[in-house]
Amino acid sequence: MKKNILLALLVVLLGVAAFGIWQYYHLFVNNLTSRDAEAHRVYVYPDTPMDSVNAQINAAYRVSSPWSLRFHSRLMHFTYARTGSYLLPAKMSDAALIRMLRNGEQTPVEVTFNRIRTREQLAKRLGEQLLLDSVDIISRLEDPSYMGHYGFNKETAVCLFIPDTYELYWTISADALFERMAKEYKHFWNDARKAKAAELKLTQSEVATLASIAESETNKDFEYPIIAGLYLNRLHKGMNLQACPTVIFAWQDFTMRRVLQKHLEIDSPYNTYKYKGLPPGPIRIPRASTMDAVLNYTPSDYLFMCASADFNGTHHFSATYQEHARYAKEYQAALNKRNIK
């Protein structure tokens with residue numbers, strides 16, 4: 001009889017020990033395993049119910065013991081997940097998951113913006129990658145007082161944003177975002193770059209504006225310093241820039257493939273056929289490397305440029321109008337032949 005009692009007691013103790021080890025493993029070692037052995041990001045929006053959070057997790061992870069996860073959640077007083085973006089590793093314990101979501105231990109997201117032409121496009125791109133309303137961004141970009149704090153106006157506001165890949169918290173506020181971009185802007189515009197801009201008699205925003213024109217003229221990086229030198233020559237001679245991309249920007253028709261005489265009549269400060277000097281601001285957000293191409297432009301006597309008639313993306317550069325006219329005639333004929341209007 002005593003043996004039976006001791007045996008039963010041993011079985012109970014072994015069961016308790018096994019249960020304890022089982023719970024310890026799920027709580028501190030592993031209870032969630034990615035279905036594809038990869039890390040997955042979970043987004044928790046404001047006021048997201050736990051059912052929706054769990055649905056995201058269950059879609060990407062196998063939970064070895066859902067009961068254990070529920071039990072540990074109650075044990076750790078976990079009732080709601082903080083708003084944020086969380087990168088869950090391929091394997092995760094209940095305690096690690098609960099602490100992450102309960103305490104708001106976010107993982108930064110990579111935010112990238114390039115090939116942006118307008119303030120509206122920038123606001124939209126940022127709103128797609130961060131928990132921000134694009135209206136909040138555009139309202140700041142267009143607020144003279146707000147942007148004046150950073151040394152910009154409505155037309156130059158986009159200069160604050162230098163294209164790159166930034167690690168930001170998904171829940172960053174609009175004001176914190178602008179402060180971070182201001183920090184990056186100051187880092188780019190070091191003393192050496194400021195000195196080069198001063199030598200060119202250009203402000204930092206004017207460097208960005210000239211770089212934006214060069215980027216709009218070609219996608220060939222090696223041509224940027226040549227184009228910058230050409231337009232600097234025109235500026236110093238008091239000539240109109242006559243840059244077709246500025247006319248396209250004035251029309252806000254980025255599907256335009258051919259700038260015709262009728263397009264040159266638009267009365268806009270961005271029409272560099274009509275008005276001398278640089279336009280009021282960038283016609284796209286230029287890359288840091290293109291601004292460096294402006295600062296380190298290629299000296300030449302070029303005053304004219306024309307796209308190559310074989311449409312390979314390069315340009316012919318000329319010092320005289322006579323030479324330019326010959327290239328322009330060849331290019332116009334190629335456009336007509338391809339029926340590009």
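Trainee: How many bridges pair strand β1 with β3 in the antiparallel sense?
Mentor: This is a predicted model, in which local features need pLDDT of at least 70, side-chain atom pairs count only at pLDDT 80 or more, and totals for chains, interfaces and linings use all residues. Residues are numbered from 1 along each chain as its sequence is written, and side-chain values use heavy atoms, with hydrogens and water left out. Strands (E, at least two residues) and helices (H or I, at least four) are DSSP runs numbered from the N terminus, and two strands pair if DSSP finds at least two bridges between them. For β1 (residues 32-34) and β3, the number of bridges is three.

Trainee: Which are the edge strands of the open sheet?
Mentor: The sheet has three strands in the order β3-β1-β5, with antiparallel pairing. Two of them pair on one side only, namely β3 (61-63) and β5 (91-92).

Trainee: What is the bridge partner of valine 111 in β7?
Mentor: Strands β6 and β7 pair in the antiparallel sense over four bridges. The partner of valine 111 in β7 is tyrosine 166.

Trainee: Why is the pair of tyrosine 43 and tryptophan 170 given its class?
Mentor: Rings of Phe, Tyr and Trp (its six-membered ring) pair if their centres lie within 6.5 Å; planes under 30 degrees apart are stacked, over 60 edge-to-face, and the rest tilted. The whole structure holds 18 aromatic pairs. In this one the centres are 5.1 Å apart and the planes stand at 65°, so the class is edge-to-face.

Trainee: How far apart in sequence are the parts this pair ties together?
Mentor: Tyrosine 43 is partly exposed at 30% relative accessible area, whereas tryptophan 170 is buried at 4%. Tyrosine 43 lies in β2 (residues 40-44) and tryptophan 170 in the loop between β7 (165-168) and α8 (174-188), so the separation is 127 residues.

Trainee: Which residue lies over the face of tyrosine 146?
Mentor: Tyr146 belongs to a cluster of ring pairs with Phe113, Tyr150, Phe161, Tyr166 and Phe178. A charge sits over a ring if NZ of Lys or CZ of Arg is within 6 Å of the ring centre and within 35 degrees of the ring normal. At 5.6 Å from the ring centre of tyrosine 146 lies arginine 140.

Terms used: Buried < 20%, exposed > 50% of the residue type's maximum accessible area, 1.4 Å probe, protein only.
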